[in-house]
Amino acid sequence: MAGEPVTETTTTTRRERWLDWFDGSLITLCLGSIAVIVAGGLIQVSFGAFSMSIVQAWQAVFNPEVIFNVRAWEAFLLGADVPEMNTQSLIVWNIRLPRVFVGILVGMNLAVSGAIFQAVTRNELASPFILGVSSGAGLMILLTLVVFGGLAAFLPLIASVGGALAFLIVYAIAWKNGTSPVRLVLAGVIVGTVFGSLQTALFFFADDIGVVQSAIAWTTGSLTGTDWDQVRMALPWTAVAMLLALISSRQMNVLLLGENTAKSLGMSVEKVRFALSGVAVLAAAASIAVAGIVGFVGLIVPHMVRNIVGSNYKKLVIGCIFAGPALMVAADVGARLGMAVIAGSDTQIPVGIVTGLIGGPYFLYLMRRQDKMGEI
Amino acid sequence: MAGEPVTETTTTTRRERWLDWFDGSLITLCLGSIAVIVAGGLIQVSFGAFSMSIVQAWQAVFNPEVIFNVRAWEAFLLGADVPEMNTQSLIVWNIRLPRVFVGILVGMNLAVSGAIFQAVTRNELASPFILGVSSGAGLMILLTLVVFGGLAAFLPLIASVGGALAFLIVYAIAWKNGTSPVRLVLAGVIVGTVFGSLQTALFFFADDIGVVQSAIAWTTGSLTGTDWDQVRMALPWTAVAMLLALISSRQMNVLLLGENTAKSLGMSVEKVRFALSGVAVLAAAASIAVAGIVGFVGLIVPHMVRNIVGSNYKKLVIGCIFAGPALMVAADVGARLGMAVIAGSDTQIPVGIVTGLIGGPYFLYLMRRQDKMGEI
Amino acid sequence: MRDEQTLETDSGLETVLERESTLTNGQHDPDAESNCSASEFAGQDLVIGYPSSDEPVINRESIHVMPGEVTALVGPNGSGKSTLLKGLADQLALEDGTIMLDGKDIHSLKTKELARELGLLSQENVSPNSISVEELVGHGRYPHRGFFDSLTDEDRRAIDRAISLAGVDHLREREVGSLSGGQKQLVWIAMVLAQETNVLLLDEPTTFLDLHHQLEVMEIVETLRDQSDITVVVVLHDIDQAARYADHMVALKDGSIYANGSPEEVVTEGLLADVFEIDADVQPTERGPQITPIRPRHDDDDDQDSTETGTDTESSPDNATKTDR
Amino acid sequence: MRDEQTLETDSGLETVLERESTLTNGQHDPDAESNCSASEFAGQDLVIGYPSSDEPVINRESIHVMPGEVTALVGPNGSGKSTLLKGLADQLALEDGTIMLDGKDIHSLKTKELARELGLLSQENVSPNSISVEELVGHGRYPHRGFFDSLTDEDRRAIDRAISLAGVDHLREREVGSLSGGQKQLVWIAMVLAQETNVLLLDEPTTFLDLHHQLEVMEIVETLRDQSDITVVVVLHDIDQAARYADHMVALKDGSIYANGSPEEVVTEGLLADVFEIDADVQPTERGPQITPIRPRHDDDDDQDSTETGTDTESSPDNATKTDR
Amino acid sequence: TDDSGQSASDTTGYEVTIEPAGTVRFDDVPQTWVAEGGAWVDMGVALGVENGLLSTGSYPAPQFFYDELGVSFNRDASVEFWRDGGYDKEIFYETDANVHFLDPNAIKYWDDNWDDDDINEISQAVGPICGNNCRRRRDFRNELDYPLYSLYEAFEKVAQVFQKEDRYEALADVHDEVLDKVQSRLPPVDERPRIGLINGGSRPLENLFYPMDLLADGYELKTYRDLGAVSAFEDTDGGGSEADYEYMLEVDPDVLMIHWGIGNGSTVDKAPENGRRFDHELFNETWLEVMQDHPLGRQLAAVQDENILPGAWGEQGPIVNLFQTELTARQLYPEEFGEFDPERYPNVPEEEQLFDRQRVADIINGDI
Ligand SMILES: Nc1ncnc2c1ncn2[C@@H]1O[C@H](COP(=O)(O)OP(=O)(O)OP(=O)(O)O)[C@@H](O)[C@H]1O
Ligand SMILES: Nc1ncnc2c1ncn2[C@@H]1O[C@H](COP(=O)(O)OP(=O)(O)OP(=O)(O)O)[C@@H](O)[C@H]1O
Ligand SMILES: [Mg+2]
Ligand SMILES: [Mg+2]
């Protein structure tokens, strides 16, 4: 094919300059997020029921006897016995820090999961929350607690399976010679409400308040009481999911052009869509398994990141990997200290409620600002 | 204007024949519904903890000393003292029958409310359930129970106010130079989830299981324990709402043609829409006040009726007034006897769960059958 | 060259504003005898915009529609045709200006009163699928009925008349959802006809239709004008069609009325170049001017060879290639 | 008369299937010398339908596209134009039949291989608003890249070439969301061009565009054929336009190929009557046949005066009225 | 502290076996302690270690029982381990109690974040977690593969932990004496009233009752079992199921008892600080009058006879149990044990008292 000669050099430099600028905003986002995470983490380790000055707490964090102790890390990451250390270090490293780490993993998983779901359904409203994964997980948790009490040890696994099943059901219902965004969302909403109604039904069969409390904690999402167990449980899956998400960001970019275009560009759309959904469900399940159903993070973080770095998924996924943890750690600080600041009591709110209370209004604001929002 | 002469007579007879057929299907629907209500009612009065043969129970229902006793009706409808009667009659008329009557009123209100909302938003998925009324009511109920314990006597009123407020919020958020169906549904979903998250937050502040149980019962919807108090509470509002709905059915027919067309036909669209919403919220609130949040009736009954009598609101509203109670009474029989039949236990399921379990799958079936469903 | 054209347009506008002069202006008027009953309809200094944007779309324009005639509104995408029509029908609030219908300000009319005088067919229409054609057309009687009224005999007669006029007699009992796009459009026209107004505003009644249905719709418009003395304003994308069926044409560009007059006056090579940014060949035929588009004009054309515009398009190199074929 | 016409069509089809005979069939062929590099593309006995309906839309039709030429697909709404195009591009599974591209069955190709040979522009396109024009065009390189590959220099060159060909150089860094409908359409065309395929299928690339943008798109199509030897199949609603820009036309009715040949052969008064159900006047001009629609035909026309069809439309009473004007 | 050394197996320490924690080793006698249920708190008070109490847990018994004996009970020791829907580990570290009378299974059951590792960590680093959830069986029946202690079995364990088995022995003797005395005076079974026990959370106004079977497991219903009460709601297994007036009418018990009712006039109240006396007026407003107003409620025999009585407090240790055995005996068999006077309770005419207040006070104060 004979193309006209174009001014190659000027175009390339122009393009590169522009990419640089873009990457600049991404780098700013990442650095900002890291700052928030570190600050949030340091605040978190400074508060707790055990009396310790802030200085003591921070000293415990940077205690070289822990940081450079292979046996300590073996205990943390592989589940070996925790070596001797002073009470302050024990409390900071065993109770306060794991909560921050779990928050980071959960934030990462939810944000990336939401971003993937948004690409798969080409729907700005998609999130694990809206496509039924969370209601499926919630239902399975209640079912386990109420009906198969003996299986409580496998709760995280069961929750993830429930989430995956619910997504498959939503997908199957929405499928009619291919899926459509609106159908997926509708199916998700309906499956969500039916499962919700089943959940409430199960509440009635729960004959004591322990089950109810336990179920509520799970279905609200909370980082309270998480420790290294949870980190160990989520870490490998998170790593796999993040890697897959990064690798397939170009596929998501093409998916955003719509099924027809993607097909005519030679993509096996349904396969790619399903594989990506699998990755998103994996990420969502990993986070549900350790923190229950934390709402809105998966919905709003991708939007926030998109506002900053644009809708290129190469940048969006990286942005989510940093911004998700930042939001989560910040919200968890709010969950721990919010009531103290507002009402002077030292009650903690579940972090899922904080994200809901931040995320819902932010989302409504987005909806009011953007004309197109409603039009998917 | 000079019109060509048309064959008036043949057209008229043709039109009349066709109206007859249509009215025929409506009449069939109404008679069928009445049969279901009577059958369901007779089943309901036959079961209960108090030992009574079915014959005794039915004799009590048709006990002329009660039916033709003005003082009895005064007691039932105006709250005067109940006159002397035998224990069987007392149980049937004071415990078993009011539940059926409340079911009838609730079914009527929900079905008509859903039908109106569907016209107002021109959205097949609209229902009090989807546009936030129920979540608003639920939140207010919890708030009252947990925070303002003293106001529990005004619960029905407070629930209704909460529902109305939530609808107004949804309306306000969706409003952007007029509303659009998609925006209304989205705003409804988001407001619903935010309120849900607040509800769960409140659960955490509830310190005893009584409050939690009570709140769950309210937010699930149940006819258990309803008596003449509830009938007295709902009856006047129901009457007003049904009358208004019947009168304004033509307005709804024109609204279905879209805002533009309705405007160009000389309708003050926003005024009519708002007034109709008011009627729908009134009906929904009346039902929430007496039975809590019973899901799906408001969504599916209008669809069922529409399948039979078509989308003409003149017929649709009448159909809903009969079919709603039929579904509700039937579901309540399921709620009372379902567990007995399935598991042999005499636990009662809240009727809201039964309607959800019937309604959700039916709706998904509708969605799978109809291509257009997802496209609103 | 440009200045000349603008002057031309301005003067065209003036002729419209003074109706008498226009009528004697060589414009053919097939139904002069029945003109007395047709409605006068005019908008003065209209400013129309959307609440979501600050700038009005239509900024201080005036339009005067010839009673008993078909006026066609043409212009490129987004030039404000639909906006103007919505403003005229009081569907969009005017930011400024007045609209007079038979000498009355339409804002002094109640919504139902207005709907008895003026009918509007929007660009997009929706209806429940299961409604019958007859029921849908019946809704056209809405402005004639009170809150509690049921259909009167007069309503029935108007519905029958509208149905037969639109030629959808055989569809009367069909469900609207089962009709083809073209048939649906005809039913909507019947509904507007049942409104029995003296003024009809139609927004692109032929889009989405294939040639057959397009022609059918335009025939109804002609019948209305000829038999019922109705004043019609119609937005059309197809300039050929507009030139053929309209008695009068108004060309919009960027929200301004750029030209105004009989099809022969409005459809010129110069106007096509300025408003639609195309070079085209315009031939007068017995059915009005016939347009043959030649090539699109670009922004650079305006800057570099604005003097050429409309004069030597025939000799542009691109065009030469094409005539070679 | 009807029988004659059907015969005519059938024979037209046969000539197409035997390519040699068609080429000597008086059909002009502007690029005969470069034809060797253009792709051959043909569908045989195609049965194409949607899973949701039992009846196939296209039932056992064959089509052979002239290499290096522009073929226009015309037909009324719902006649199956888009369906045929989707079938040819393997976007809809064939229920039966084979599609050969340069002698190979396209089902033997992997999806990416096919996408390197054959590009399709759908009737409707969507993209994120914040993507830049350059990024969007870059996605056209998808079939040329492996799972882990990044953009090569060749990819960059192809992107630049496509952008300049589509004339959207000045929009390169704009966000797609900020473009007008017409500009967007051009960018999508650039994306398909970046795919660097030998066969291009375009579905109504000019709908929703005003005259200016319509002409711009058709110019690109011509350039592609003339400069790059690309085989183009384009669906057009506007028969005038199709007749003017296409080398070859295929008319569809109810899913069947009704006629097939050069614009002069296909665009006849008889065909317009049968396929589009309109009476029209067709005049041969230097830019191909020019169509003047006269009136829509109705079902009754077929029954009552089918013998008249295409012969004495000029003398029908309705039409007489119009020429009177 | 005297060391009877009964279960000491080592020179420096001793072991106590408390299911489900198993055998727990103590190097020293615990100085500080916490408990989950009011019964366990009552046991500690009875052993005279009240000053080491750091948390009263839930449902501590009404103050008037302790006032009757003149023993002190610090109701402000109220560290709450259950907070924000979970057990916060740091609170265990911060409270730093020597022993926790919390059932480890209950902790794991209520808060899914706890597993055996966490229990062990706190048991090692802070103090053993070794309670037994023996108030009732219905809480987590799935987990119940270990014995549910009776009140005095549990009391004995606590006594061993604090190495005060002599006081346990003395109180057990008093208890046995009372039981022997009372049981010998019970009327024949067919003359005993049918008792309908409903849980304090019932809402007669809303036609909602939680009937309980008097004879279900656990220390919370000990007095009824000890006194051979006849259960009207036999089919209801210790609570949890709902019923309405129809059911009440169908069963129509002779006497309606409101579980926990003695703690307050009304429903369950977590910390009846002001409960110096039973508020009879409030009790009647909440229960009797409401039922009298209901067209079906007033058909109930118990309502017609005004036989609605405030039942015993569910969290009863050895001290509270002695008082409540006497209370229940007077409520069920007034002809034999004297009329229960709701206006004056806890005052019981000296001659009708079933045990010697002073003797019990002496034991608690170490005067065995
Ligand atoms: N609802 C709206 N809100 C805000 N701006 C609008 C709205 N509708 C149209 N516009 C803007 O007003 C201008 C005129 O639009 P209008 O619909 O009147 O054009 P038109 O001439 O009818 O075009 P078309 O040929 O596409 O129908 C455009 O710039 C458009 O973007
Ligand atoms: N997704 C679909 N599912 C089922 N049937 C379809 C689908 N798309 C189109 N059809 C049907 O197939 C037939 C041909 O449609 P097609 O879109 O090919 O027509 P077309 O010639 O492209 O029309 P247009 O000019 O409106 O684009 C029509 O009857 C249509 O109803
Ligand atoms: Mg328009
Ligand atoms: Mg098409």
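**Stop one: a sheet in chain C**

Select the open sheet of 4 strands in chain C, ordered β2-β1-β4-β5 with antiparallel pairing (strands are DSSP E runs of at least two residues, numbered from the N terminus; two strands pair if DSSP finds at least two bridges between them). This is a predicted model, where local features need pLDDT of at least 70, side-chain atom pairs count only at pLDDT 80 or more, and totals for chains, interfaces and linings use all residues. Residues are numbered from 1 along each chain as its sequence is written, chains are lettered from A and ligands numbered from 1 in the order written, and side-chain values use heavy atoms, with hydrogens and water left out.

Colour β2 (58-65) and β5 (104-105) of chain C: these edge strands each have a single partner, so one side of each lacks a neighbour in the sheet. Then pick β1 (41-48) and β4 (94-101) of chain C, antiparallel and joined by 6 bridges. Gln44(C) has Thr98(C) as its bridge partner in β4(C).

**Stop two: β8 in chain E**

Jump to β8 (194-198) of chain E. Is it enclosed or open? Largely enclosed by the rest of the structure, because 4 of its 5 residues are buried (under 20% relative accessible area, 1.4 Å probe, protein chains only).

Now show the strands that pair with β8(E):

- β10 (230-231) of chain E, parallel over 2 bridges, with Ile195(E) opposite Ser231(E).
- β11(E), parallel over 4 bridges, where Leu197(E) has Met257(E) as bridge partner.
- β9 (211-212) of chain E, antiparallel over 2 bridges, with Leu197(E) opposite Met212(E).

Notes:
Buried means under 20% relative accessible area, exposed over 50%, partly exposed in between (1.4 Å probe, protein chains only).
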